[in-house]
Amino acid sequence: MANKISPPQSAHGLKSNCLSFGEVLAQSFAVIAPTTIPASNLGLIVALSGNGTWLSFLIGLVGLVLVSININQFASRSASPGSLYSYIVKGLGSIAGVICGWSLVLAYLFTGMSTLCGFANFSGALIGQLGIHPSSITLLAFGAAIAWYAAYKDIQLSAIAMLWIEGLSLLLITILCLIIWSKTGFALHIPQLTLQGVSPGNIATGLVLVMFAFSGFESATSLGDEAKDPLKTIPRSVIGSAILAGIFFTFTAYVEVLGFSNAGVSITKSEEPLGFLSQQAGVGFLGVLVAFGALFSFFACVLGCINPAARIFFLMARHGLFHSKLGSAHTSNKTPHIAVTMCSFVTFLVPAVMSFFKVPLFESMGYLGAMCSYGFLTVYVLISIAAPVYLHKKRILRPVDIMFSILAIAFMIIPIVGSIGIPGSKMFPVPEAPYNVFPYLFLCYITITCGWFLKKTFRSPKLVSEMQQGVDEIHARFGDLEN
């Protein structure tokens, strides 16, 4: 059976068969950073969806489960450090794979940069209460350095750190929300359940931010060499992270909107909604703990982004796309140490430069977060196209597989259109500057990277066949090489 075959210990020189299901799941949760949504960002979504916020999250959950089904068509048959890059090369060929690889690199690195800004901003505010005011660049360097050390030293250390950080944060928020809800007698909030004052447009525009909240749920696929029983562990982690995050988001959104309904304060104006509600419920100390949990969740997301970005660079380098040193593994740590170091430095450098030019951390976090979304959306569409093509090549394509592909792509169109905007549309207005130019910057980025790849293939005609051979060898180790 294909799902009982594991890659050889020396497949890529990484630490094999060391991560449990919980540790692999923690990788995806770290990039999602679910703590940060109810702790600080929920008001942005409520401003769009109002009483339908919980429904926007529920619809987002359905959409990402459909994407995860397409991802798992590959993840249940092969595993590698290359994440969705190797899957899309297998399904759609080298050019689509390169687009995917560069899109994922941008998505993970910019997510890491954005959350590093969040870490620096949040930690600066907390430390400032003690009368200590370190510079933004110092805080950025501190967060990036600790994340680099964990990623450089041991993937298991990284996974355990992320597991505990996210696990404790989610537990604290769940307990706090149950206490807040209990203060209302676990009441049903009729305005939410009946979608009072909510239009389909509210749900659709809210869904744009909701999809971004889930971004990164697939990052466990980068641990193909290091997960125990990867053909079972990784697919379960991919779909499990989408489901668990969706349930958590839906529940916390419902409770927080209910909690603010009679508070005399709008949740859309609150930067720390759970902190406010904890004070109202008489458990302010839990709000403080949640604030620290959000701080550590920002850090876990930085670490969670460096890990998959480095592994994608690592595998692409081994396929000849980058300098061979990026494809080397540390002899004792068995981590892609050079790729980790490069990704950590870039994650620090960009926000540090922005800070040097006096761009506030909060604004940098928004700009970098907006850019990363285009990378994720591109990859989710590509994998949803690649899955039925791949199954067709294997002659096992079913009508239901085509349906899952079409539905997943349809879901992705909503945040794509919402983030680009339609001139003159009230439902999907064109974003304000500078966000209106970000889609075109992303297109330039993809055009340049694809042009670089085509130039490289012109100089080295064997590159495409070597890429394909490298991916085929990965699949072959699991008994999944086509005739």
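## Close-up views of a predicted model

**View 1. An aromatic cluster brings together Trp102, Phe313, Phe322, Tyr374, Phe442, Tyr445 and Trp452.** This is a predicted model, where local features need pLDDT of at least 70, side-chain atom pairs count only at pLDDT 80 or more, and totals for chains, interfaces and linings use all residues. Residues are numbered from 1 along each chain as its sequence is written, and side-chain values use heavy atoms, leaving out hydrogens and water. Rings of Phe, Tyr and Trp (its six-membered ring) pair if their centres lie within 6.5 Å; planes under 30 degrees apart are stacked, over 60 edge-to-face, and the rest tilted. By this rule there are 27 aromatic pairs. One of them is the edge-to-face pair of Trp102 and Tyr445, at 6.1 Å centre to centre and 85 degrees between the planes. Here, distant parts of the chain are linked: Trp102 sits in helix 5 and Tyr445 in helix 16, 343 residues apart. (Helices, H or I with at least four residues, are DSSP runs numbered from the N terminus.)

**View 2. Helix 4 (residues 83-92) is largely enclosed by the rest of the structure, because nine of its ten residues are buried.** Buried means under 20% relative accessible area, exposed over 50%, and partly exposed in between (1.4 Å probe, protein chains only). The buried residues include Ser83, Tyr85 and Lys90. What do they pack against? Their partners are helix 3 (53-75), helix 5 (94-128), helix 12 (284-318), helix 14 (361-393) and helix 17 (463-476). After helix 4 comes Gly93, with a positive phi near 100 degrees.

**View 3. Ile312 in helix 12 is buried, with a relative accessible area of 0%.** Contact means heavy atoms within 4.5 Å. Leaving aside neighbours within four places in sequence, Ile312 is in contact with Pro81, Gly82, Ser83, Gly101, Leu104, Val105 and Tyr108. Look also for Ser86: its C-alpha atom is separated by 9.0 Å from that of Ile312, though the two residues are 226 apart along the chain.

**View 4. The lining of the second largest pocket has eleven nonpolar, two polar and no charged residues.** Nonpolar covers Ala, Val, Leu, Ile, Met, Phe, Trp, Tyr, Cys and Pro; charged covers Asp, Glu, Lys and Arg; the others, Gly among them, are polar. A pocket is an open set of points on a 1 Å grid over the protein atoms alone, where a 1.4 Å probe fits, with protein on both sides within 12 Å along at least five of seven lines; lining residues have an atom within 4 Å of a point. Helix 14 gives the most to this lining, with five residues.

Key. Helix = DSSP H or I, 4+ residues; strand = E, 2+ residues; numbered from the N terminus.
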